[in-house]
Amino acid sequence: AVAQDRGYLELDAAGRVLYFDRAGLERSAPPETVRAAIVARLDSLSPAAFALLKAASAVGELPRIPTMTAGAAVPTAGVTPYEAGMEAYRGRAWQEAIGYFDRALAEGLSDAQAAQAQFLKAESTFQSRDWLGAIGLFERFLSRYPESGRAPEALLRIGQASERAGDTERAQQVYRRIVGEHAGSGAAATAAERLEALGTEGRTP
């Protein structure tokens with residue numbers, strides 16, 4: 001979990017969690033809240049590792065679990081990381097897709113493939129219910145590909161992720177931006193519906 005979420009949490013010298021933004025933990029969180037959040041996050045990152053840890057804990061032993069970071073994904077022979085990422089994405093294997101797309105981007109892609117990999121990595125993160133991570137990745141996609149035809153979709157995901165993370169005010173701002181900048185798109189229609197559901201008008205202020 002630490003390897004996957006580096007930059008979102010801080011540990012003290014004894015390995016205890018000081019804060020964990022991605023799991024919604026503040027420095028003042030009580031131990032039982034911290035434990036529950038870490039357990040849930042580990043389960044979402046690697047159900048297999050979580051099951052092993054849970055089983056071992058029941059008999060008082062904590063095994064040495066191999067590091068399972070997204071970037072460690074290795075495609076089968078003859079398949080590029082990008083192709084493996086696409087296959088994992090189609091199979092809804094979100095964490096695998098993220099790992100393959102990370103590797104593909106690190107190794108270099110054409111502009112079109114890089115844009116696709118960036119977007120689908122962000123979408124896989126969204127589908128993994130990592131709202132804050134998805135927001136950051138879609139924002140990165142928009143900063144690198146502002147003229148992309150998928151810009152309305154990326155903005156919509158930012159609004160949806162913000163809403164699900166509890167930041168309704170930001171979600172409304174993003175939805176208004178979509179309605180104003182991308183009128184007539186499917187994303188604008190969805191954004192207008194969300195604005196109505198949230199009790200605001202589906203138009204720019």
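Is the crossing of H5 and H7 left-handed or right-handed? The crossing is left-handed. The legends below describe a predicted model.

**Figure 1. Overview of the helices and strands in the predicted model.** The protein contains nine helices and two strands. Read from the N terminus, the order of elements is β-β-α-α-α-α-α-α-α-α-α. Of the 205 residues in the protein, 36% are buried. Among contacts with a separation of 6 or more, 41% join residues 24 or more positions apart.

**Figure 2. Close-up of helix H7, residues 151–164.** The helix has 14 residues. From its first C-alpha to its last it reaches 20 Å, close to the 20 Å expected at 1.5 Å a residue. Glycine 166 follows H7 and has a positive phi, near 95°.

**Figure 3. Burial of H7 and the helices around it.** Twelve of the 14 residues of H7 are buried, so the helix is largely enclosed by the rest of the structure. The buried set begins with Ala151 and Pro152 and continues with Ala154, Leu155, Leu156, Arg157, Ile158, Gly159, Gln160, Ala161, Ser162 and Glu163. Charged side chains are included in this set, namely Arg157 and Glu163. The packing partners of the buried residues are helix H5 (111–127), helix H6 (131–144), helix H8 (168–181) and helix H9 (186–197).

**Figure 4. Packing of H5 against H7.** The two helices pack at an angle of about 25°, and their axes are 11 Å apart. Angles under 35 degrees count as roughly parallel, and H5 and H7 are therefore roughly parallel to each other. Their crossing is left-handed. On the H5 side, the contact is made by Phe119, Glu123, Phe126 and Gln127. On the H7 side, Glu153, Ala154, Arg157, Gln160, Ala161 and Arg164 take part. Sorted by class, the contact of H5 with H7 has four nonpolar, two polar and four charged residues. Arg157, Gln160 and Ala161 of H7 belong to this contact and are also among the buried residues of the helix.

Figure 5. Leucine 198 is 29 residues away from glutamate 169 along the chain, and the C-alpha atoms of the two are separated by 9.8 Å.

Key. Residues numbered from 1 in each chain as written. Predicted model: local features only at pLDDT ≥ 70, side-chain atom pairs only at ≥ 80, totals over all residues. Heavy atoms only, no water. Helix = DSSP H or I, 4+ residues; strand = E, 2+ residues; numbered from the N terminus. Expected span 1.5 Å × (residues − 1). Buried < 20%, exposed > 50% of the residue type's maximum accessible area, 1.4 Å probe, protein only. Contact = heavy atoms within 4.5 Å. Axes fitted to C-alpha atoms, helices over the stretch in contact; angles between N-to-C directions. Parallel < 35°, antiparallel > 145°, perpendicular 65-115°, else oblique. Left-handed = near helix turned anticlockwise from the far one by under 90°.
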